[in-house]
Amino acid sequence: MSQGPDTLMGKPPVVAPGHTSGSVTDKISSIVLERTPRWWWVGFGIAFLLVQLLLLSLTKLVLEGTGIWGLNIPVGWGFAIINFVWWIGIGHAGTLISAILLLLRQDWRTSINRFAEAMTLFAVACAGIFPLIHVGRPWLAYWLLPYPNTMGLWPQFRSPLIWDVFAVTTYALVSLLFWYVGLIPDLATLRDRSRRKWKKIVYGFGAMGWRGSAVHWHNYEVAYLLLAGLATPLVVSVHTVVSFDFAVGQIAGWHATIFPPYFVAGAIFAGFAMVLTLAIPLRAAFNLQDFITLRHIQNMAKVMLATGLIVAYGYMVEIFMAFYSGNQYEEFMLLNRIGGPYKYHWWALLLCNVLAPQILWIRAVRSRPWIVFLAAMFVNVGMWLERFVIVVTSLHRDFLPSSWGMYSGTFWDWATFVGTIGLFLALLFLFLRFLPMISIFEMRTILPEAKRPKESSS
Amino acid sequence: MAEFSSPAALIAACKATREAGYTKLDAYTPYPIEEVWEAIGHHRSKLPLIVLAGGLAGATAGFLLQYWASVIEYPLNIGGRPLNSWVAFIVPTFETTILFAAFSAVLGMFALNGLPRPYHPVFNVKNFSAASRDSYFLMIGTNDPQFDSEKTRSLLESLGAKEVSEVAE
Amino acid sequence: MTDGLALPADTDLSAPASLDGVRRRAWMVATVGIAASGLGFALDSTQFYRSYLVAWLFWLGIALGCFALGLLHQLTRGAWGLMVRRILGAATRTFPLLALLFIPIVLGMKELYLWAQPEVVAHDELIQQKLWYLEPRFFIARAVFYFAVWISIAWVLNRLSLRQDSERSHKLFRRMQFFAGPGLVLYALTATFASVDWLMSLDPHWYSSIFGISFIGGHAVSALAWLIPVALYFTRRPPLEGLLRPRHFHDYGKLLLAFVMLWTYFQLSQLIIIWSGNLPEEVKWYLARTEGGWKWISIALALGHFALPFVLLLSRDLKRDARRLASVALILLAMRWLDLYWLAAPAFSHGDSHAGLSFHWLDLATVFAVGGLWTAFYTQQLQRRPMLPVFEPYLGEALEDED
């Protein structure tokens, strides 16, 4: 029944026809249980080298201090915060796909949620590095946590930076829980299907004795829905708090009430771009076109377009309010972005974030994965530029012209950034190799054979 | 313990065994099937209440922590803002609410399901590993008042079970 | 199920005749309200304009919310919206009436808006800088433009939906979807600027860039709070009797909960940012709304527009019970008016924070005057179309009797 209107609307199916519960299980678990393909070693090797670069940069930083970066007065916040916001924004798509789309009963989330959630965890891990190293003395970072101590000091709860500690910690933990809970039934599948004793033990340990009984499934589904309900406002709150890092201050270009919704939309925008950036090559590499179909790519492209429009709305309101406010600092901030020393960054960001995604209005474009991939690459770059523009152009022209300055990243700034990209990719490669990248049990539920009993009973 | 090869057969068997008066039933399936849960005749999960309690505890703890630290233990005038800056405290309070509620959801789910439990007698059933792939099992507890080794076996076989076996406790 | 039709082709889907009775009562309310407002206008024209602005924005918010929700549904095609497509659609055909009802605001512009008073502008440098935007003729031209956009999008979509009924074709939904995307974009832009024009500029020094989104969030709550009681009315009368089921109300309840949370989110974002920034030109806007009696209105909004509906709407049983859900919706509808009042009225004391809160009987009279007229017009529009779009491909799914 539900197939009818979809076909009528010309939508591609969520799973290619002809699959059964058995074939889905075999196909997905084989990626993990079979021999490692050669390209995996190549990809992992490159990522691993970049991780070494990250470790080198971090060692240098700990030995010499933040002076190796391009920070100065007035630009006291540079790459660290830009990269932090960029990574954490990317992470948002995973939670969004797994939680919000679950609540909206969108069955197309199924084959992408597992790996989008993994992406979230890895992106949050990369993001977490930056504030930690940015404190200057990372070994004292635990001072940020509220605990009774002999110094008699407490964190400053009126500061958005402490809100960040709470928000990001909660986000990382809840994402981990959500991901793990989603994995349990699949770990049981891997336990039952792996042939070697040690693999059985490791996967069995993770599965915690999952038996798939009706009681299990019932409590499990309730728990999963509740987690989704909790994760949805959480993910919104995280980027809201990130936006507060800027908006709560009084710097023109930062202090804008539009920031929370506009940052959240930007995060989803960036996150979906990253999911597309990863999913399109992966489905080709693992021959997963049956599971990650054109339907997924089209829908993700639509979400990207919609959130991109909200981001564009944010830019527009910022421009309008700068002139409407009658505030000279607001007005100057904007003119400085349009025509100041960083004007190319600003115009490039408009090209990447506003202009490029508009091609996704066209249906035919959304059905061509590699064009969508290209648009997503534009967005990945554009969202990084957006954070650069927000951080640097707002700071480098201080209220007094005598305090004006310029900023650019040093070699070590770039090395750390590229290093985290390596860390992200390395973790992703490991995940692809050792855990099922698509939720096996959820795939079973969207197969035609699972739908049959439902209809006969109604 | 009976093995079925399709979800429809399992649902039918669940309904039939219930009609035959069995109450101690459980089913093992590779994915959640709502009808099985209904056919076995269970009640609502207690989990939402646990999560609500966890969330309230988190909200209280989060706000009190900030209130205590900023008003009682270490009062400090920051830009003329009141000691009890409740507007600013909303954010961490919200985060602790979610954190506590999420942990209650997961730990509550484990508790209600009796996990972790590395060993369980059903793992000894032949072919049980297929319950996580494409087989559907129905179990009738030996402590069921209706249970009778022979009768139960023949009932299950008449319902189209592929294989019926007994599980030692 | 021939032709993929969810209902037999000869089903009578015309709106119930009992709407005539509703319309008669609406006319009575309108007559009394207009008479009272007229009297009020004669006694105190400034107060009349102030009350009228809030009342007009309240009813406009319902219509715009229905418009936006309808567009969102045309775009996403969830099963939830088909059952109420025509209930939303009727509201979008009331824009011409609402445009007509804008005329009193044009007439009262000088009494409502400081920037329209040359003697104030002459002494206020900041307003002088804003005159490129806050200029009476430009203000009217913009309002004309907003209504032109809303009326034309609503007209196109209503016509396509009607053609879909008469041409008995499945094909037109693609065209409606095609218009819905740009339609939503235009709605968001026009509503944002409208919020600046009609509400934010009441306090011409103050600005907040989230204001437009807040305004839109308010529309979403208004639309659902209106939709749910109307849908309840139809559950007891053919043709929708028996077709609108608890699961539909469950969906509307969830949406209402989501929109209530969104509204709260926008309000809190603005509050936290302005409170923390503590800039004199911004924070005085909050001071005017938290001092004197206004503190109690703020608390009433926090409780009535968020805490109470939030707690109630968490319950699954409540969402599935149309009657109880409708009573929550009615509370929220009242809160929508209070919210607009809270946004607008403190600005009229012009920075005199000791002026305090004082309700005027005209606040109520104008709500009835505009509301009576609008409801009469709305019920008439409801009767013009079949209650369900029979040729929608997903209607079968929407009518399915699961859970």
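In chain A, 62% of the 458 residues are buried, where buried means under 20% relative accessible area, exposed means over 50%, and partly exposed covers what lies in between (1.4 Å probe, protein chains only). This is a predicted model, so local features need pLDDT of at least 70 and side-chain atom pairs count only at pLDDT 80 or more, while totals for chains, interfaces and linings use all residues. Residues are numbered from 1 along each chain as its sequence is written, chains are lettered from A and ligands numbered from 1 in the order in which they are written, and side-chain values use heavy atoms, with hydrogens and water left out.

Chain A turns out to have 17 helices and zero strands; helices (H or I, at least four residues) and strands (E, at least two) are DSSP runs, numbered from the N terminus. For 458 residues, a compact globule would have a radius of gyration near 23 Å, and chain A agrees because its own value is 23 Å. That radius is taken over C-alpha atoms, and the globule rule is 2.2 Å times the number of residues to the power 0.38. Looking at contacts (heavy atoms within 4.5 Å), 82% of those in chain A between residues at least 6 apart in sequence join residues at least 24 apart.

Chain B has another make-up, with five helices and four strands. Read from the N terminus on, its elements run β-α-β-α-α-α-β-α-β. Of the 169 residues in chain B, 46% are buried. As for its contacts with a separation of 6 or more, 73% involve residues 24 or more positions apart.

Next comes the place where chains A and B meet. Here 58 residues from chain A touch 63 residues from chain B. Together the two chains bury about 5,300 Å², with 71% of it on carbon and sulfur atoms; buried area is the accessible area (1.4 Å probe) that two parts lose on being put together, summed over both. On the chain A side, helix 2 (21-33), helix 6 (160-193), helix 8 (214-247), helix 16 (440-445) and helix 17 (448-457) each supply at least two residues. Helix 8 of chain A gives the largest share, 18 residues. Sorted by class, this side of chain A holds 32 nonpolar, 16 polar and 10 charged residues. In this sorting Ala, Val, Leu, Ile, Met, Phe, Trp, Tyr, Cys and Pro count as nonpolar, Asp, Glu, Lys and Arg as charged, and the others, Gly among them, as polar. Five residue pairs are in polar contact between chain A and chain B (both at pLDDT 80 or more). A polar contact is a pair of N or O atoms within 3.5 Å; within protein, one must be able to donate a hydrogen and the other to accept it, and residues adjacent in sequence count only if both atoms are side-chain atoms. Salt bridges across this interface number zero, a salt bridge being a side-chain nitrogen of Lys or Arg within 4 Å of a carboxyl oxygen of Asp or Glu.

Chain A also meets chain C, with 49 residues of chain C in contact with 38 residues of chain A. About 3,700 Å² is buried between them, and carbon and sulfur atoms give 69% of that. Tyr207(C), Ser209(C) and Ile273(C) supply 18% of the area that chain C buries here, more than any other three residues. The rule again finds zero salt bridges between chain C and chain A, but 11 residue pairs are in polar contact (both at pLDDT 80 or more). Several helices of chain C each bring at least two residues to this side, including helix 10 (172-198) and helix 11 (211-235). Helix 12 of chain C gives the most, with 12 residues. By class, the chain C side divides into 26 nonpolar, 14 polar and nine charged residues.

So where do salt bridges turn up? Glu64(A) is exposed at 51% relative accessibility, and Lys60(A) is partly exposed at 24%. In chain C, Arg336(C) and Asp339(C) form a salt bridge at 2.8 Å, N to O. Arg336(C) is buried, with a relative accessible area of 4%, and Asp339(C) is buried too, at 3%.
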